[in-house]
Amino acid sequence: MVMSFLLAYLFAIMAAALRDTVQIVGFALQIGIFVSPVLFPMTMFPAAWRWVLWINPMTPVVSGWQTILLQGAWPAWSVWIALALWIAGAAALLSVAVRRSHDQLVDWL
């Protein structure tokens, strides 16, 4: 929920500043659905290219839920670290966006 809030806040600021953001985010979400390991297990993806899946911010979330629900175990540390990195990165980008757009945000809206 934290990552979703941070990304939504960041994209809302970007949408206010740049009107094309809505179309780009919509396209990225459509592609992201097919690139996340929801429709297929990560083992079906070639081992040399599995790092590409971790570029998607939903991969640690989906992988963690799959481990909890399907295997009945806590996710591996790599899933927690990836999720923490995505949250930290989103928080850093949001901090920069809020700081840079603080004065103009009212005018954009």
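Two residues are in contact when they have heavy atoms within 4.5 Å of each other. By that criterion, and leaving aside neighbours within four places in sequence, Ser-63 is in contact with Met-42, Trp-54 and Val-79. The model is predicted: local features need pLDDT of at least 70 and side-chain atom pairs count only at pLDDT 80 or more, while totals for chains, interfaces and linings use all residues. Residues are numbered from 1 along each chain as its sequence is written, and side-chain values use heavy atoms, with hydrogens and water left out.

**Overall architecture**

- The protein has five helices and zero strands, where helices (H or I, at least four residues) and strands (E, at least two) are DSSP runs numbered from the N terminus.
- Along the sequence, the pattern reads α-α-α-α-α.
- A box of roughly 50 × 25 × 25 Å, taken along the principal axes, holds the C-alpha atoms.
- Among contacts between residues at least 6 apart in sequence, 52% join residues at least 24 apart.

**Burial**

- Of the 109 residues, 26% count as buried; buried means under 20% relative accessible area, exposed over 50%, and partly exposed in between (1.4 Å probe, protein chains only).
- Ser-63 belongs to helix α3 (residues 59–71), and it counts as buried because its relative accessibility is 10%.

**The largest nonpolar core**

- A nonpolar core is a set of buried Ala, Val, Leu, Ile, Met, Phe, Trp, Tyr and Cys residues joined through side-chain atoms within 4.5 Å.
- The largest one has eight residues: Met-3, Leu-6, Leu-7, Leu-10, Ile-13, Ala-90, Leu-94 and Ala-97.
- Helices α1 (2–17) and α4 (77–101) each supply at least two residues of this core, and α1 gives the largest share, five residues.
- Leu-6 touches Ile-87, Ala-90, Ala-91 and Leu-94, not counting residues up to four places away in sequence.

**Packing of α1 against α4**

- The two helices, α1 and α4, pack at an angle of about 30° with their axes 9 Å apart; axes are lines fitted to C-alpha atoms, for helices over the stretch in contact, and angles run from 0 to 180 degrees between N-to-C directions.
- Helices α1 and α4 are therefore roughly parallel to each other, a term for angles under 35 degrees.
- Residues making the contact include Val-2 and Tyr-9 of α1 and Leu-83, Trp-86 and Ser-101 of α4.

Conventions: Parallel < 35°, antiparallel > 145°, perpendicular 65-115°, else oblique.
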